[in-house]
Amino acid sequence: MYKSKLYKYSPIIFQELLINAKAIVYRLLREGRSYKLRVEQLLLNAELSREELISLSKAELSKQLLNAKNNCEYYKNINGFELTDFPIIDKELVRGSPNKFLSSVKTSLWTFSSQTGGTTGKPLELYADLDAIIEDHAQSARQLHWAGFKPGDKRIWLRADLVVPMEQSMEPYWRRNIVDEMLMMSVYHINEQTVSDYVDRINKYKPDVIQAYPSALYLLAKLIESQGLVIDVSIKAVILSSESFEPNQAEIIERIFNAKVFSWYGLSERVATVGTCKEGQLHLIEDYGYYEFDDKNILIATGFHNKKMPLIRYNTGDQFVGVENEIKPCDCGSSFRKVKAIRGRVGEYLVSDKGSKVSIFNHIPKGVVGLVELQLKQVEPLKILALIVTGKDFKKSSEIKLINNIKDYLGSGMVVEIIYLDHIPRTKNGKFRQAIYEVRD
Ligand SMILES: [Zn+2]
């Protein structure tokens, strides 16, 4: 909708009308009776004993395996009904022939399609039935509940939606969604010149909860910090999702917004979710999917609820840290397994001057005063472009520190070129990439 000409060239008031009309349609679709019952059920599930949860998960898994085997071309020749009888699949495989994973049974009145992933090449086509959409919405409601959200609370929404056309260069960089009681802010317009407008608006709006892409809120936090601005409203919680983030980014966000950070992990493939409970622990949401981990702790997941496109043992490519083996009850009362952290997609890497792959970059910005955002792009074997957005306090010494840090991790033989930008481009889905390897073989 946001990319349509109708939206782009309409006056703001009409854009807000469209946003609210869309919100009403979504409400009608997603928040019927079955949704309300499901939210109640999910809250009860979070109180089940470990044994009860395991038996619920086993029953859901069996149903989904049977559905896949009976109704999908890809699975029809599987011998047996156990999970281990099914092969591990991945994005490439599904991308190659998505229709083979579609159930031949009409599972609901509508089928919803979406495209995801990939900065290059063919996108992944995904399909879902209405029940799966409602399930995701109900799961998200439980996460909001854990974060302290109450009906009627006001939210700031700072995700990838192009609510404000790129061409717009004047306030307001946000649109009102009255139906969902949220202010939808544009991530694409946050910069040194506009940050004080954002802060004024947030202070005036007085949100209870912020739902954001980590990179977007981190960018805002860094600019607020560098300009000495202050968020002076009391915010209950910040819910971050859709991208991985580092603990130090969460710390800065918590400090600037004076609110607890909750992480919510989900995939468009609808095979897994991970949420943060009231106690701040990350839990594998085991009434949503079945989770296995390979020897590198990469999550292999089977979603229970999308009967239209059952993906069994899907390799998510996301690496997990500290997955609980001996399950101890959490103070929040749930018996969902705990994990320490999600390291995110394996695959973003650069190559050092000695030829070794480097995939952890969170140390590089350390000690670089005034650095707001950094993206590293390797364009030649011995050349790194450091794309940066800086605050007022960025000095020549910061630049030297940054170059030294990059050389510490990628080798002294690396040539580093600094490129100053107002805004670092996002992927098509609005995500931020820390590192891009562009060397052609
Ligand atoms: Zn917990």
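With 20 C-beta neighbours inside 10 Å, Ser 242 counts as buried. Ser 242 sits in the loop between β7 (237-241) and α9 (247-257), and has a positive phi of about 80° although it is not a glycine. The model in which this residue is described is a predicted one.

**Overall form**

The chain contains 10 helices and 21 strands. Its radius of gyration is 23 Å, close to the 22 Å that the globule rule gives for 441 residues, so the chain is as compact as a globular protein of that length. Along the principal axes, the C-alpha atoms fill a box of roughly 65 × 55 × 45 Å. Of the 441 residues, 36% are buried. Among contacts between residues at least 6 apart in sequence, 67% join residues at least 24 apart.

**Domains and core**

The domain assignment gives domain 1 (5-345) and domain 2 (350-437). The centres of domain 1 and domain 2, taken over C-alpha atoms, are separated by 29 Å. To the contact between them, domain 1 contributes 17 residues and domain 2 contributes 14 residues. On the side of domain 1 that touches domain 2, α8 gives the most, with five residues.

The largest nonpolar core has 98 residues, and those with the most contacts inside it are Leu 158, Leu 217, Leu 220 and Val 238. Helix α8 (residues 214-226) supplies the largest share of this core, eight residues. The core draws at least three residues from each of domain 1 (5-345) and domain 2 (350-437). Leaving aside residues up to four places away in sequence, Leu 217 touches Leu 158, Ile 210, Ala 212, Val 238, Leu 240 and Ile 253.

Helix α6 (residues 130-146) has 17 residues and reaches 25 Å from its first C-alpha to its last, close to the 24 Å expected at 1.5 Å a residue. This helix is mostly covered, with 12 of its 17 residues buried. Just after α6, Gly 148 takes a positive phi of about 95°.In helix α7 (residues 195-205), the buried residues are Val 195, Tyr 198 and Ile 202. Seen down the axis of α7, these residues fall within an arc of 60°, so they line one face of the helix. The face turned away from the buried side of α7 carries the exposed residues Asp 200 and Lys 204. What covers the buried residues of α7 includes β3 (155-158), β5 (182-185) and α8. Just after α7, Lys 206 takes a positive phi of about 55°.

**Backbone geometry and loops**

Most residues other than glycine have a negative phi, and most peptide bonds are trans. Several places in the chain call for comment against this background. The peptide bond from Glu 171 to Pro 172 is cis, with omega near -5°. Pro 172 is found in the loop between β3 and β4 (174-177).

| Residue | Phi |
|---|---|
| Gly 148 | about 95° |
| Lys 206 | about 55° |
| Ser 242 | about 80° |
| Asn 297 | near 65° |

Asn 297, a residue other than glycine with a positive phi, is found in the loop between β11 (289-293) and β12 (298-303). With 15 C-beta neighbours inside 10 Å, Asn 297 counts as partly exposed. Ser 242, by contrast, counts as buried, with 20 C-beta neighbours inside 10 Å.

A further loop, between α10 (396-410) and β20 (415-420), holds Ser 412. Ser 412 is exposed, with 8 other C-beta atoms within 10 Å. Ser 412 and Leu 382 are 30 residues apart in sequence, and their C-alpha atoms are 9.7 Å apart in space.

Key:
Residues numbered from 1 in each chain as written. Predicted model: local features only at pLDDT ≥ 70, side-chain atom pairs only at ≥ 80, totals over all residues. Helix = DSSP H or I, 4+ residues; strand = E, 2+ residues; numbered from the N terminus. Rg over C-alpha atoms; globule rule 2.2 N^0.38 Å. Contact = placed C-beta atoms within 7 Å. Core = buried A, V, L, I, M, F, W, Y, C linked by C-beta atoms within 7 Å. Domains from an automatic or database assignment. Expected span 1.5 Å × (residues − 1). Arc of directions from axis to C-beta.
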